[in-house]
Amino acid sequence: MKFRRCQMLFVEPREQAEFRLEDILAGGKGLHYRQTVVALAAHLDEPVFLTAEEATLLLSCSAERWQDLLEVPADSDRIRRLAASGVLLSDLPEHAHHAAADALLRASHWWPLGALFHRLSRWAGVDSVAEMEHNQLVTAHDLIRRLGAPPAETLPRAAGAVALPRREASQLDDLLAARTTCRNFDTTRPLPLALLAGTLEHVLMARSHVEPEPGARFLKKNVPSAGGLHPVEAYVVAQSVDGLEPGLYHYHPVAHELARTPSQPDALPSFVLRLLAGQRWFADAHVLVILVCRFERNFWKYQNHVKAYRAITLDAGHISQAIYTEATANGLGAFVTAAINESEVENLLGLEPMADGPVAVCGVGWRSAQMETSEMDPGGRVWKVGV
C-alpha cells in the first residue's frame, strides 16, 4: 500500500464545555472542557477526529510524494485508519473514491479556504424550521428573549452631516416599495407560462455575446457577473405553470428554452419541502429557480483566488434581486433563500459538489389573498392594515 496526504487539509483544535455533576460534588464549578483535534478536508463532508499521534503523523505526511507503508511499520495501523477516513490517500481499490475526489479538487483551482467553506456549509436532511421551533427562535419576541436586543439598526448620526435633497416619487419608487418577500402563495390558480418565460427572459436570458478569441465566449445579460463569466445555471422547478408539465427543468440562457431533466423527483411537493429545509411558507410557490454554479467556469479566470467564492455569492444576489423586481412588476410574489438542502439537487442531478454547487433558491408565484404566515411589510404596500 502506498499513501500520501490529501491536498486541501486543515487541522482544528476544538474545546467543548461539558457539565459534570461529580465536579460540583468535589467543590468545583461543574464545568469540564474536553479538548479534541479534528481534520477538515475539502473533499470530505464530515470532520475526522484525530488522536494527538494521528495529528502529528498526518502533518508529517507529504501531499505530493507517495510513501510505501513498509517505510513506517510502527504507524501502519494509524495510516490504515486515516486512509479509510480519507484524509490520507492510498492506492487500494477500496479507497479509490477518496483519491478521485481529491484529484478533482487538485485540478479545480479552488482557493483552499473557499473550498472548505463551500463543502462544509452544504446541508443534507436539515429541517431548519423544526430547529427554530425546537430552539424557540421563531418570532422577534423569541429572538429578543433568547438573544437579547440586536445591535442598532443604523450607525449614529454624525454632527455636521450634509442633508441630501429628496426627489419626486416615480414609478420605480412604487415598484421598489411593493417588493417584499412572499410567504403566502395562491395554490388555486396556475401561473401563465408567458409570465415565467418573461421572468427568465428579463433576468437570465443572454442579450448578446462576444467571442474575443476562438473558443472564449462571454454572454451579456441584464444582471452583472464577475468577469462577465455568468457561471450560475438556473434549474426551474415548475409546480403550477399553465401549459408546462410539473417537474424539474434546465433553462438555456442562449436558446431561451426549458429542457426537462432526465432525473425527476419521485414526489415533487416533498422534494421541494426537503430542498427548502422545511420552509413550508415557500413550498407552495408556483415556480422555484435553483441557482447552481459551475465552479470551473468561474475558476477558469479566478484560479485559487481569495475573492472567487465571494464573487459567486454576489452573482446569485444580483439574480435574486432581479427576480424580485421582475416578479413585483408583474404583480407576483417572490422569495430567495440560501437555507437549502443542497444534497437534494446534487443527488437528483448527479452533481459533483465541488464542481457544480447549488447556492440559493428563488421562487415566484401568485400571492394568496390571505396572509396566513406573517410577512415583513411595514409600509403596508402589499398587505393593507387589518388584513
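Start by selecting helix α4, whose buried residues pack against α3 (76-85), β6 (88-90) and α5 (112-121). The model on screen is a predicted one. Within α4 (residues 96-106), the buried positions are His98, Ala101, Asp102 and Leu105. They lie on the same side of α4, because the arc they cover around the axis is only 100 degrees. An α-helix has 3.6 residues a turn, so residues three or four places apart point the same way.

Next, select helix α7 (residues 140-147) and pick out Asp142. Is Asp142 buried or exposed? Its relative accessibility is 14%, below the 20% cut-off, so Asp142 counts as buried. Apart from neighbours within four places in sequence, Asp142 has contacts with Gln136 and Leu137.

Stay with α7 and show the largest pocket, to whose lining α6 (128-134) and α7 each supply at least two residues. This pocket has a volume of about 470 Å³. Its lining has 17 residues, and those closest to the centre are Val138, Thr139, Ala140, Arg183 and Ser374. Which element gives the largest share of the lining? That is α6, with three residues. Colouring the lining by class gives eight nonpolar, five polar and four charged residues.

Now move to the strands. Select β10 (residues 232-238) and β12 (residues 247-252), which run antiparallel and are joined by five bridges. Tyr235 stands opposite His250 of β12. Four residues separate the strands in the hairpin of β12 and β13, where His256 has a positive phi near 55 degrees.

How many cavities of 30 Å³ or more does a search of the whole structure find? There are three, and the largest cavity holds about 50 Å³ of space. To see its lining, select Leu204, Lys221, Val223, Pro224, Ser225, His230, Pro231, Val232, Asp315 and Ile319. Six of these lining residues are nonpolar, two are polar and two are charged.

Key: Residues numbered from 1 in each chain as written. Predicted model: local features only at pLDDT ≥ 70, side-chain atom pairs only at ≥ 80, totals over all residues. Heavy atoms only, no water. Buried < 20%, exposed > 50% of the residue type's maximum accessible area, 1.4 Å probe, protein only. Contact = heavy atoms within 4.5 Å. 1 Å grid on protein atoms, 1.4 Å probe; cavity = no way out; pocket = protein on both sides within 12 Å on 5 of 7 lines; lining within 4 Å. Points joined across faces, edges and corners; volume = space filled by probe spheres on them. Nonpolar A, V, L, I, M, F, W, Y, C, P; charged D, E, K, R; others polar. Pairing = 2+ DSSP bridges. Arc of directions from axis to C-beta.
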